[in-house]
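Good morning, and thank you for joining this meeting.

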Amino acid sequence: MSSARILVVDDEPQIRRVMRTTFTAQGYIVSEARSGEEALEKLRSERPDLLLLDMNMPGIGGLEACREIRATSDVAIIMLTIRDSEQDKVEALDAGADDYIVKPFHARELLARVRAALRRLPVSPEGGTSVITLEGVEINLSTRRVTVNGKTVRLTPKEFDLLHYLVENPNVPVPHGKLLQAVWGPDYGNQVEYLRVFVNQLRKKIEPNPSKPKYLLTEPWVGYRFNLPE
């Protein structure tokens with residue numbers, strides 16, 4: 001059971017009712033919004049832990065709402081979409097979503113996605129290094145804060161968790177599957193497109209030259225490696 005607060009954003013009343021019933025039964029605190037505009041208002045007033053955000057809504061659509069939210073908040077976001085193409089999924093992740101799920105979906109799958117989006121990697125063990133300092137980049141694992149050239153850079157929850165895991169396992173190739181299961185959970189393992197999008201977003205935020213990364217390196221056919229200068 002969980003007492004996390006979930007905001008369900010969908011213009012279909014039946015979808016909202018089903019999700020309210022599903023999450024309330026699991027102990028979540030649920031509120032609803034019928035549009036992107038209403039979601040932005042409730043985000044400020046209710047401060048939910050997670051948004052379930054429909055991609056296709058009248059007015060401010062899900063992608064635009066996600067981008068606006070990400071400009072000021074690191075709340076967990078799962079996008080709901082009726083399309084299953086890789087391009088649609090990549091667009092959702094590019095907009096700042098932590099995950100996506102395709103309609104129609106089973107309650108069991110949705111609950112697993114919510115648990116994965118809400119899970120956070122534990123802080124470094126006692127005695128470990130909680131602040132990583134690179135050239136112009138500082139990563140504070142305890143406060144989940146990243147600064148580049150003295151300016152705070154906002155990362156989504158999953159972007160930070162991915163960076164956190166790589167930083168704590170430096171200078172060794174980490175396979176795709178191991179990264180997915182460590183950051184998203186045991187139900188993940190084959191969604192390599194997740195990693196490609198998230199690593200690209202991280203490179204844009206912390207690398208001096210994202211097209212020629214010096215920290216977040218690709219290990220062809222294996223995974224990724226965080227290059228921590230010794």
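I begin with a term: a residue is called buried under 20% relative accessible area, exposed over 50%, and partly exposed in between, with a 1.4 Å probe and protein chains only. The areas themselves come from the Shrake-Rupley method with that 1.4 Å probe, and for residues only the protein chains shown count as cover.

The model is predicted: local features need pLDDT of at least 70, side-chain atom pairs count only at pLDDT 80 or more, and totals for chains, interfaces and linings use all residues. Residues are numbered from 1 along each chain as its sequence is written, and side-chain values use heavy atoms, with hydrogens and water left out.

Let me turn to salt bridges. The term stands for a side-chain nitrogen of Lys or Arg within 4 Å of a carboxyl oxygen of Asp or Glu. By this rule the structure has 14 salt bridges. One of them joins the side chains of Asp 10 and Lys 103, at 2.8 Å from N to O. Asp 10 belongs to the loop between strand S1 (5-9) and helix H1 (13-25), and Lys 103 to the loop between strand S5 (99-102) and helix H5 (107-118), so this pair ties together parts that are 93 residues apart in sequence. The helices (H or I, at least four residues) and strands (E, at least two) are DSSP runs, numbered from the N terminus. Are Asp 10 and Lys 103 buried or exposed? Both are buried. A network of salt bridges links Asp 10, Asp 54 and Lys 103.

Two further salt bridges lie within helices. In helix H2, Glu 38 and Lys 42 are 4 residues apart, about one turn of the helix. Their salt bridge has its closest N and O atoms 3.8 Å apart.

Next, the surface. Which residues form a negative surface patch? They are Glu 37, Glu 41, Glu 64 and Glu 68. Helix H2 (36-46) and helix H3 (62-70) are the elements that give two or more residues to this patch. Patches are made of residues with over 30% relative accessible area and no salt bridge, like charges being joined within 9 Å and nonpolar side chains (Val, Leu, Ile, Met, Phe, Trp, Tyr) within 5 Å. Asp and Glu count as negative, Lys and Arg as positive, while His and the chain ends are not counted. Glu 64, in helix H3, is partly exposed, with a relative accessible area of 41%.

By contrast, Ile 139 in strand S7 (residues 137-140) is buried, at a relative accessible area of 0%.

Finally, a sheet. It is open, has 3 strands in the order S10-S12-S11, and its pairing is antiparallel. Strand S10 (174-175) and strand S11 (216-219) are the edge strands, each pairing on one side only. Two strands pair if DSSP finds at least two bridges between them; S11 and strand S12 (residues 223-226) have 4 bridges. Leu 217 stands opposite Arg 225 in S12.

Conventions:
The place of a charge is taken as NZ of Lys, CZ of Arg, CG of Asp or CD of Glu.
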